[in-house]
Amino acid sequence: ILLLVGFTSFPSNIYAEEDKTPYELAYTTYLDQLSKYQVVHQDYILRKSQYESFGTLQSQQDLQVVLVKMLQERDETVVAYLKAIRERVNENPGIDQLVKDSLNARIDTELSWFSGHKSNIPTAGSLRDLSTDSGLAMKEYDNAQPVFYESIASVSSGKFTDLDKRL
């Protein structure tokens, strides 16, 4: 009876927890970054409506500051998403190494573009420049869509391939 009471009274957190895979860590980072972006985006919407309502120099400067932050957070969110996809592709044993290498190269290209774009955002001098930068990022995001979908499709295909090999 003492052993039974002793084992049931121990807190469950003393047992070893499973180590998270690199994908799980990257996906958690992505979700955290997405939350940050959503908060900054809400602030951007507020500042934009204030600028449209008042049109003062102060509201324009406030909008510009929050727009820089929002665009940087948006790029960082895309970077976190790309890293999560890369980890998901890399941990899948059913994907052929050539396919992994090809997807990783394309993902790395997008990673470098969005990382470079993020670092260039603060150099914009006006709202018009920031709007142009935002348009460039949206265009690049649209161009990156095939990489996202091919990676996800490869993960699904790789799961079936791995299962088929094991069977």
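A residue counts as buried when its relative accessible area is under 20%, as exposed when over 50%, and as partly exposed in between (1.4 Å probe, protein chains only). The model is predicted, so local features need pLDDT of at least 70 and side-chain atom pairs pLDDT 80 or more, while totals for chains, interfaces and linings use all residues. Residues are numbered from 1 along each chain as its sequence is written, and side-chain values use heavy atoms, without hydrogens and water.

**Exercise 1.** State what share of the protein is buried.

Solution. The protein has 167 residues. Of these, 32% count as buried.

**Exercise 2.** List the elements of the protein in order from the N terminus.

Solution. Helices (H or I, at least four residues) and strands (E, at least two) are DSSP runs, numbered from the N terminus. The protein has five helices and zero strands. The order is therefore α-α-α-α-α.

**Exercise 3.** Describe how helix α4 packs against helix α5.

Solution. Step one: axes are lines fitted to C-alpha atoms, for helices over the stretch in contact, and angles run from 0 to 180 degrees between N-to-C directions. Helix α4 covers residues 97–120 and helix α5 residues 127–166; their axes lie 10 Å apart at an angle of about 160°.

Step two: angles under 35 degrees count as roughly parallel, over 145 as roughly antiparallel, 65 to 115 as roughly perpendicular and the rest as oblique. α4 and α5 are therefore roughly antiparallel.

Step three: contact means heavy atoms within 4.5 Å. Among the residues making this contact are Trp-113 and Phe-114 of α4 and Tyr-141 and Val-147 of α5.
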